[in-house]
Amino acid sequence: MASLTKTVRVAQRLATTTSRSALARPTLSLAQHAATTARIAISCRLNSTSAPKTPQPAATETVTPLDPKVYSQLPRTLQKMTVANKVIIVTGGARGLGNHMARACAEAGAKAIAIFDANQELGDAAAEELHSLTGLPVTFHKVDVRNGDAIDAAVAEVVKIHGVPDALINSAGIADSNIPAETYDRDMFRRLIDINLTGSFLTAQAVGRAMMAAKKPGSIIFIASMSGSIVNHPQEQCCYNASKAGVVQLGKSLAAEWAKYGIRVNCISPGYMDTELNRVPALDAQKKIWKSLTPQGRLGGVDELNGLAVFLASDASSFMTGSNVIIDGGYTCW
Ligand SMILES: NC(=O)c1ccc[n+]([C@@H]2O[C@H](COP(=O)([O-])OP(=O)(O)OC[C@H]3O[C@@H](n4cnc5c(N)ncnc54)[C@H](O)[C@@H]3O)[C@@H](O)[C@H]2O)c1
């Protein structure tokens, strides 16, 4: 019931607006009209047979690296929107959003990609696949983002193999959902904060230090979440929401501190995305509600952060730091 509150509010607002223009019709009172329109709006949203579909990348996806000859012929504006010759580290790049942003960077001209992830099997496979699809140097570094020493060692490896990183895309993260605060296990709470928030800090610190030591400007991109700005319905997930609000504020703080080193820090805050993280049967019923609360009526596709990730890593966003860009199909409009 609570899950529909927002939809009801929106539908009632719409109904009120409609009613204002139809005040001349005396057959329904304003309240009756609002209630009727609200019911129609809700049933349209939840039962629509032509519900928008989430775009899916092709099963046999190709990844075409930017040809230097093509780059040289691009107008200056488009050249700046590439990541030509940049070394890019992607945490959580073994799968999901991180993996697709790594692919996008490879297409947009990256010189080398380093994938940091805790999952050895997926990480090895992802690096091998991206290398074989593009011919680019792609390395996998098994790292748990909670382990500062391991991150320092992995960043040192990247510097040695590929050179000083130009950009970090920080996508490693986990989610706990449907856990009421009053029964939240304390160790689970600490674990999530450790991965999502402390892990973001430790990785940014290691990469930031490498950029500073080399006096090289760079771009750090945190994948936060709209949950850092709103409280999701209907699932209770106070820890995830708090962790992502922390990531957004961490991003702003580092942006302010590190502007003097030429290091920019921005956040991408996605709404509900169609990734493995959400492909669990327990969430099927809730997904219908999420879609009904999203103006575009669907979840985001796994590659729908790619454009912004490349832009933020590129020199086209050179005056952009401390920003948090929400990509959510309009969820936070309502
Ligand atoms: N999917 C969504 O709807 C959604 C929405 C908003 C924000 N996000 C955020 O986007 C990021 C990526 O999400 P996704 O949907 O691609 O998830 P995913 O589970 O598909 O991928 C996450 C990756 O992070 C890695 N990882 C997890 N814990 C790690 C650790 N301790 N150390 C190193 N690597 C670790 C995993 O092995 C995995 O490869 C996360 O930070 C998530 O919170 C996702």
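## Ligand site and backbone features of a predicted model

A polar side-chain atom of Asn278 lies 2.8 Å from an oxygen atom of the ligand, a polar contact in the sense of a pair of N or O atoms within 3.5 Å. The protein covers 94% of the 830 Å² of accessible area that the ligand has on its own, with areas taken from the Shrake-Rupley method and a 1.4 Å probe. This is a predicted model, in which local features need pLDDT of at least 70 and side-chain atom pairs count only at pLDDT 80 or more, while totals for chains, interfaces and linings use all residues. Residues are numbered from 1 along each chain as its sequence is written, and side-chain values use heavy atoms, with hydrogens and water left out.

| Residue and atom | Ligand atom | Distance |
|---|---|---|
| Asn278, polar side-chain atom | oxygen | 2.8 Å |
| Val145, backbone N or O atom | nitrogen | 3.0 Å |
| Ala118, polar backbone atom | nitrogen | 3.2 Å |

Around the ligand stand 28 residues, of which Arg95, Asp117, Tyr240, Thr275 and Asn278 are the closest; a residue is near if one of its heavy atoms lies within 4 Å. By class, this shell has 15 nonpolar, nine polar and four charged residues, where Tyr counts as nonpolar, Arg and Asp as charged, and Gly as polar. Helix H5 (96-107) and helix H9 (238-258) each supply at least two residues of the shell, helices being DSSP runs (H or I) of at least four residues and strands runs (E) of at least two.

The structure also holds seven salt bridges, each a side-chain nitrogen of Lys or Arg within 4 Å of a carboxyl oxygen of Asp or Glu. In one of them, the side chains of Lys216 and Asp166 meet at 3.1 Å, N to O. Because Lys216 lies in the loop between helix H8 (186-213) and strand S5 (218-223), and Asp166 in the loop between helix H7 (148-161) and strand S4 (167-170), the pair ties together parts that are 50 residues apart in sequence.

Most residues other than glycine have a negative phi, and most peptide bonds are trans. Asn85, in the loop between helix H4 (76-80) and strand S1 (87-91), has a positive phi near 65°. The peptide bond from His233 to Pro234 is cis, with omega near -10°, and Pro234 is placed in the loop between S5 and H9.

Notes:
Polar contact = N/O pair within 3.5 Å; in protein donor to acceptor, adjacent residues only side chain to side chain.
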